[in-house]
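User: I would like to learn how to read a model like this one. Can you take me through it feature by feature?

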Amino acid sequence: MTAVADRPARGWRASPALLLLLLGGVSACLYTQEYTIATYPWVFFPLFALYGLALALVFRQPAGMSATCLALILAFAVLFRLLVVVSPLVLSDDLYRYVWDGRVQRAGINPYRYAPEAEALAALRDSTIYPYVHRPALPTIYPPVAQMLFAFITGIVPDSVRGMKVIMLGFDLSTLGLLVRLLKSTGHDPARVLLYAWSPLVVFEFAGSGHVDVLMLPFLLLALQARLARCWGLTGVLLGLATLIKLYPAILLPAFYARHERRLPLSFAATLVGGYLLYLPGAGTRIFGYLPGYFGPWEDFNGGLRSFLTLALTPLTGAARSLALAGCAALLLVIAYRVSRRGRDADVIQGAACMIAAYLLLVPTTFHPWYVIWLLPCLCVQPSWGWLYLSGAITFSYVAYTLEYPTVPLGLHLLEFVPCYALLLAQGLWQRWRGAV
C-alpha cells in the first residue's frame with residue numbers, strides 16, 4: 001500500500017522536469033528562426049510567452065525544484081546561447097566599435113585620442129570592420145576596463161566580430177554560475193536562475209548582439225558576493241572594475257556602503273582613479289571620450305519617466321527637459337541617501353535592486369532594451385512583475401528602427417512603460433498591505 005501511494009508523488013515530482021523539457025525544446029526551435037529587425041518581435045514575443053510559463057512553473061514550486069530541473073534549465077540556457085551566438089548581427093552594430101577599439105590599442109594608440117575617421121588612424125581601416133563602426137566621427141565612450149577587455153579579446157581573436165561574441169559568451173556563462181552560487185548562498189532555490197538564464201532579452205542582446213554589459217555582470221555579482229561576505233576592500237575594487245566597464249554600476253555604492261566602513265569607498269575610488277590614470281597618457285582632456293556628449297538632448301531615445309515628465313512640462317516652460325532631469329536627479333539622490341543610511345545588516349540585495357530600479361526609472365535619457373538586464377539577477381531573489389513585464393515590452397522600441405525617423409511611436413512608448421509603472425505600484429501596495437495585516 002505504501003509503495004502504491006508513493007507512485008503519484010514521484011510522478012508529480014517528475015512533471016516539472018517534463019514541462020521544462022517541453023518548454024525548452026519549443027524555445028530552442030524558435031531560436032533557430034532567422035529574423036530581421038522588422039520581424040524580430042514576431043520571434044521574441046512567442047519566446048517571451050514560453051519564458052513566462054517556465055517562470056510560473058519555477059516560482060510556484062514551494063519546495064523548490066529538483067537537481068534534474070536545474071540541470072535542464074542550465075543546459076537549455078547554454079543551448080539557446082549557442083544557437084544565437086553564430087547568427088549575424090541584426091539588432092546592433094556596437095560590436096564593430098569594440099573590435100575597432102581593440103585594434104587601435106593593438107596598434108599602440110590610445111583609444112580615446114582619435115575618432116575612427118581621424119586621418120591618424122587611416123592605416124587601420126579595412127573593408128570588414130571600419131565601414132560598420134557606428135558614429136565614426138565620435139571618439140569612443142567605453143571606460144578603461146572595457147577597453148582593456150577589448151584589447152585582450154581582439155588579441156585572442158583579431159578583427160573577428162563572431163570571435164568576440166563567442167568569448168563574451170564565456171562571460172555570460174560565468175554570470176550563470178555566479179548567480180546559481182548566489183542563490184544557494186542566500187537560501188533560495190537555485191532553479192530561480194531561470195529568470196536570467198532563459199530570458200530572451202538576455203539571449204538576444206548578449207549572445208546575439210554582444211553588448212558590453214555582458215562583460216560587466218560577472219564583476220558586479222562578484223562584488224555583491226564580496227559585500228555579503230563583508231570583504232569591504234574587495235567589494236570596492238570589484239564594484240570599481242564593474243563601473244570601469246559600463247559606468248552605471250557606480251549607482252550601487254549607496255547599497256553596498258556600510259556606515260563607518262571606509263575601506264569600501266576608498267578602494268572603489270582608488271580603482272576608478274587608477275583605471276583612468278592608465279589611459280591618461282596620450283589622451284589628456286579626451287580621457288572621457290564621448291561621455292560628456294552622451295547626456296545631450298540629441299541622445300534622447302525611448303526614455304521612461306523622465307521623458308514623460310518632459311512631455312508634460314513642455315507646454316509650461318522652455319526648459320522642460322532640464323527641469324525633468326533635475327527633478328529626477330534630486331529624487332535619485334534622496335533614494336540613494338535613504339538606502340545608504342540603512343544599517344550594515346540590511347538586505348544588500350534588496351538595496352541593490354532598489355538602486356538599480358531607481359536608476360532605470362529616473363536617469364536614462366536613452367533607454368535601450370539591454371539596459372534592463374543588469375536588474376534581472378536581483379529579480380531572481382526578489383521578483384518584480386513590473387520589471388519582468390518591461391524586460392519583454394521594451395522590445396517594442398526596435399520598431400523605431402523600421403521608421404524613417406528613429407523614434408518610438410507614442411502608443412508603443414506608453415505600452416512599454418505605463419503597465420510597468422502600474423504593476424510596480426500594485427505590487428508595492430500589495431506588499432505594504434500584507435505587511436500591515
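**Reading the model**

Analyst: Let us start with the aromatic rings. This is a predicted model. It holds 35 aromatic pairs.

User: How is a pair of aromatic rings described?

Analyst: By the distance of the centres and the angle of the planes. Take Tyr112 and Tyr279: their rings are 5.7 Å apart, centre to centre, with 90° between the planes. That pair is edge-to-face.

User: Where do Tyr112 and Tyr279 lie, and what does the pair tie together?

Analyst: Tyr112 sits in the loop between helix H4 (94–106) and helix H5 (144–156), and Tyr279 belongs to helix H12 (residues 263–279), so the pair links parts 167 residues apart in sequence.

User: Is Tyr112 buried or exposed? And Tyr279?

Analyst: Under 20% relative accessible area counts as buried. Tyr112 has 2%, so it is buried. Tyr279 has 10%, so it is buried too.

User: At what angle do helices H3 and H6 pack?

Analyst: Angles over 145 degrees count as roughly antiparallel. Helix H3 (residues 67–85) and helix H6 (residues 161–185) pack at about 165°, with axes 11 Å apart. They are therefore roughly antiparallel. Their crossing is right-handed. Contact residues include Leu74, Ala77 and Val78 of H3, and Val166, Leu169 and Leu173 of H6.

User: Where is confidence lowest, and where highest?

Analyst: Where pLDDT is low, the predicted coordinates should not be read in detail. The chain averages 91, and 95% of the residues score at least 70. Helix H1 (residues 2–31) is lowest, with a mean of 73, and helix H7 (residues 194–197) is highest, at 98. Over residues 1–14 the pLDDT is below 50. Beyond near neighbours in sequence, that stretch has 1 contact in the model.

Definitions and conventions
Residues numbered from 1 in each chain as written. Predicted model: local features only at pLDDT ≥ 70, side-chain atom pairs only at ≥ 80, totals over all residues. Heavy atoms only, no water. pLDDT = per-residue confidence, 0-100. Helix = DSSP H or I, 4+ residues; strand = E, 2+ residues; numbered from the N terminus. Contact = heavy atoms within 4.5 Å. Phe/Tyr/Trp six-rings, centres within 6.5 Å; stacked < 30°, edge-to-face > 60°. Buried < 20%, exposed > 50% of the residue type's maximum accessible area, 1.4 Å probe, protein only. Axes fitted to C-alpha atoms, helices over the stretch in contact; angles between N-to-C directions. Parallel < 35°, antiparallel > 145°, perpendicular 65-115°, else oblique. Left-handed = near helix turned anticlockwise from the far one by under 90°.
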